[in-house]
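Below are my notes on the model, as numbered points. Please read them with the structure open.

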Amino acid sequence: MPTYSFEEYTQVTHVMHDDAAVAGKDRHRTIPGDRQPAARPAARPLRKAQRMEQYEPDSLSAAQRAAMRRSLTNGRAALTRRSLLRASGALALGGLAGLSGCGIPPARREGQGPAPTDHSAAEKRVAFSNWTQYIDLSEDEKRRPTLEAFTRRTGIAVTYTEDINDNVEFFGKIKPQLAAGQDTGRDLICVTDWLAARIIRLGWAQKLDPANLPTAYANLAPQFRRPDWDPGRAHSYPWTGISTVIAYNAKATGGRRVDSVTQLLDDPRLKGRVAFLSEMRDTVGMTLLDMGKDPGKVTAADYDAAIGRLRKGVETRQIRRFTGNDYTADLGKGDLAACLAWAGDLIQLQADNPDVKFAIPAAGYLTSTDDLLVPAGARHKTNAERLIDYYYEPPVAARLAAYINYVCPVEGVRGELARIDPAMAANTLILPDRATAAKSHAFRSLDSAEETAFEEKFAKLIGA
Amino acid sequence: MTTATDTPPRAGAAAPAVRRRSARRRLVPYWLLLPGVLWLLVFFALPMVYQASTSVQTGSLEEGFRVTWHFPTYWEALRDYHPQFAKTLLYAGTATLLCLLLGYPLAYLIAFRAGRWRHVLLVLVIAPFFTSFLIRTLAWKTILADGGAVVGALDALHVLDVTGRLGWTEGDRVLATPLAVICGLTYNFLPFMILPLYTSLERIDGRLHEAARDLYASPAATFRKVTLPLSMPGVVSGTLLTFIPASGDYVNAELLGSTDTKMIGNVIQGQFLRVLDYPTAAALSFLLMAVVLVTVTVYIRRAGTEDLV
């Protein structure tokens, strides 16, 4: 039997580490004891030794090991709590000194400034940034037929990049260059109308030359001709129209039809399986329509009322989430029974899952557009204009609409589309008929202060 | 190695050469430090100064922002978003605790019991990193889907009744609840807990365990008196590596959560990108940093370890 108990042995009598005399001896190690020296005064002299408890590889000499240990645990370079805190304190103080030198210059560019030189004639190319899956692909999904035909006809090479996933993120990405008046490397971008309005308002879009856009001017559908944020389409042309409607999974609702925002917000049988969109204008606009208000003339009071109605849905847990494009997967699986949805997605979704249905509310639905813009500083404006004009030729527009299934903003494509697929030409989600178009409403454009106030209220609603 | 042997002995030339050599040698540490210092300066110090400045500015996107030393932004941010701060600490803290409970036995097993499987197991711990963070998080949406096998099993075992009463789940679903967010965080940060734990457990000398046995310590006492104290540095660095990034995470809350499970990262993202209120976003970032620093400091003091590695 050992004379000492395990406790006493580990705390008091174990061998001290002797740095000077280790050479040639076998390793000595200390087993750490209780870490409260105050309670056991005898342990106090051991404190320093207790820190030297790490395993050292045998290949180093005793002196090297001792040096390594010292440097790690009690040298100047030791990474300890104290040194870490001291360092962060110093950093914070140093940082404060440099604060007042900064500032963010006004984003708005006064006047248009000198127009950037157009290199279109010398450089036969154009860089086009678009959303993912927003252009027609060949059967093997390797080529883009309409773009290739454009290059064959005009000799202008198109650098097509699918680098837009989200309006606000894309704005965050291009903002620094545009604010500094630099080229973003993109000659043509495709953003949703409210962001296009903001970019135009800030003076970050180049004015288009109507002489280069004869087809687009002639063929633009009347309902898209007069947006209040870009009179006469001086800076922008729509790539597609977007209809926001209600979608539901018939299997998840037990075969019942869901066709109003009231139902989404109040039907107890849908509780926790309803989603709205994280795009403020779509969600609030649809709610406003349901309340009998016109989103095209929304006032601050109307807006607050709509937010209040949605907040109740959040608080009673009727609303599960506010989603971006990811509602499609949840709706297909039935995790969502009903939600607000973009019509173009629905046509594609229905092809895979016949349970997914859509309904246009009697109160009306919201339309918006994704618009093509030439950002300030772009080097190939004329080439970009020729590309826009090309996509307004009915055969090209029909081919695009048949593939991506969004609302076609071009007049006179019905015949062309019928030749590709008669069912599509009859689909009012792609080519709205008069009765459908009459129910469509657009959210009015907002000025900077309003936009901030509205977005802030909406951000609080969706919890971010 | 000495300069005298590799420079030809020319009268009057040797001494300055030695001096030059030694001067150059003195500079070597600074040259070695340079890349790291530059890196920190450009990617840490400068952005910090910039953000600190933004947080005391006022203005709008169109008129520009100017430094007006408007400190109330901090107070307003805290007043409006303190529930999200509380949720952030709760979710990140719970996830860290779960990581520790799951990770410690695993690291222990790999370090002491795995034998020749040790390296295979370590690779398995790191393997999820070979796929994208987003894909892994999205996989959890499928795993926890309503009416899926996992949720069905939990429901049958009445686990959901318990978690539902605690407010962690809702009815018969897990997705879009706090539990889903915590599961996502735990899963995504588990390797950050296991690796430091493994490192500190692995270098414990097995003979210490033998010694403890020789001294009639029970296995429990051996663990309590030998293994656990020696692995404390690993526990501390593991919890820090898990807690700090978890409290800044917003992907899990965005994809697996719902409106009322949003963490402070989501708020910052929304303020920065959606509302374009850069001062509030910057102030929230600094508040988050302060909250994390205070939490971590208190924790390290309580953990009672002086070493962080």
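1. Helices (H or I, at least four residues) and strands (E, at least two) are DSSP runs, numbered from the N terminus. Chain B has 13 helices and two strands on that basis. This is a predicted model, in which local features need pLDDT of at least 70 and side-chain atom pairs count only at pLDDT 80 or more, while totals for chains, interfaces and linings use all residues. Residues are numbered from 1 along each chain as its sequence is written, and chains are lettered from A and ligands numbered from 1 in the order in which they are written.

2. Confidence. The model scores ipTM 0.80 and pTM 0.79. For chain B the average pLDDT (the predictor's confidence in each residue, from 0 to 100) is 89, and 93% of the residues score at least 70. Over residues 1–5 of chain B, pLDDT stays under 50, and the model has four contacts for them beyond four places in sequence; a contact requires C-beta atoms, placed from the backbone, within 7 Å. Where pLDDT is low, the predicted coordinates should not be read in detail.

3. Overall form of chain B. The C-alpha trace spans about 90 × 75 × 35 Å along the principal axes of chain B. Domain bounds, which come from an automatic or database domain assignment, divide chain B into domain 1 (3–44) and domain 2 (75–303). The C-alpha centres of these two domains lie 46 Å apart.

4. Burial in chain B. A residue is buried if 20 or more other C-beta atoms lie within 10 Å of its own, exposed if 12 or fewer, and partly exposed in between, with C-beta atoms placed from the backbone. By this count 37% of the 309 residues of chain B are buried. Arg21(B), in helix H2 (residues 14–55) of chain B, is partly exposed because 14 other C-beta atoms lie within 10 Å. Arg21(B) and Phe71(B) are 50 residues apart in sequence and 53 Å apart in space, C-alpha to C-alpha.

5. Cores. A nonpolar core is a set of buried Ala, Val, Leu, Ile, Met, Phe, Trp, Tyr and Cys residues joined through C-beta atoms within 7 Å. The largest has 106 residues, and those with the most contacts inside it include Ala247(A), Ala338(A) and Cys339(A). At least three of its residues come from each of domain 2 (119–235 + 374–392) and domain 3 (242–367) of chain A. Another core lies apart from it, with 56 residues, among them Ile182(B) and Tyr187(B).

6. Strand S7 (residues 338–342) of chain A. Five of its five residues are buried. Ala338(A), Leu340(A) and Trp342(A) point one way, and Cys339(A) and Ala341(A) the other. S7(A) pairs with S4(A) in the antiparallel sense over five bridges; strands pair if DSSP finds at least two bridges between them. Val245(A) stands opposite Ala341(A). Strand S5 (residues 274–277) of chain A runs parallel to S7(A), joined by two bridges, and Ala275(A) has Cys339(A) as its bridge partner.

7. Helix H7 (residues 193–201) of chain A. Why is H7(A) largely enclosed by the rest of the structure? Because eight of its nine residues are buried. Among these are Asp193(A), Arg198(A) and Arg201(A). Their cover includes strand S3 (188–192) and helix H10 (280–290) of chain A. Just after H7(A), Gly203(A) takes a positive phi of about 75°.

Terms used. Two residues are in contact if their C-beta atoms, placed from the backbone, lie within 7 Å.
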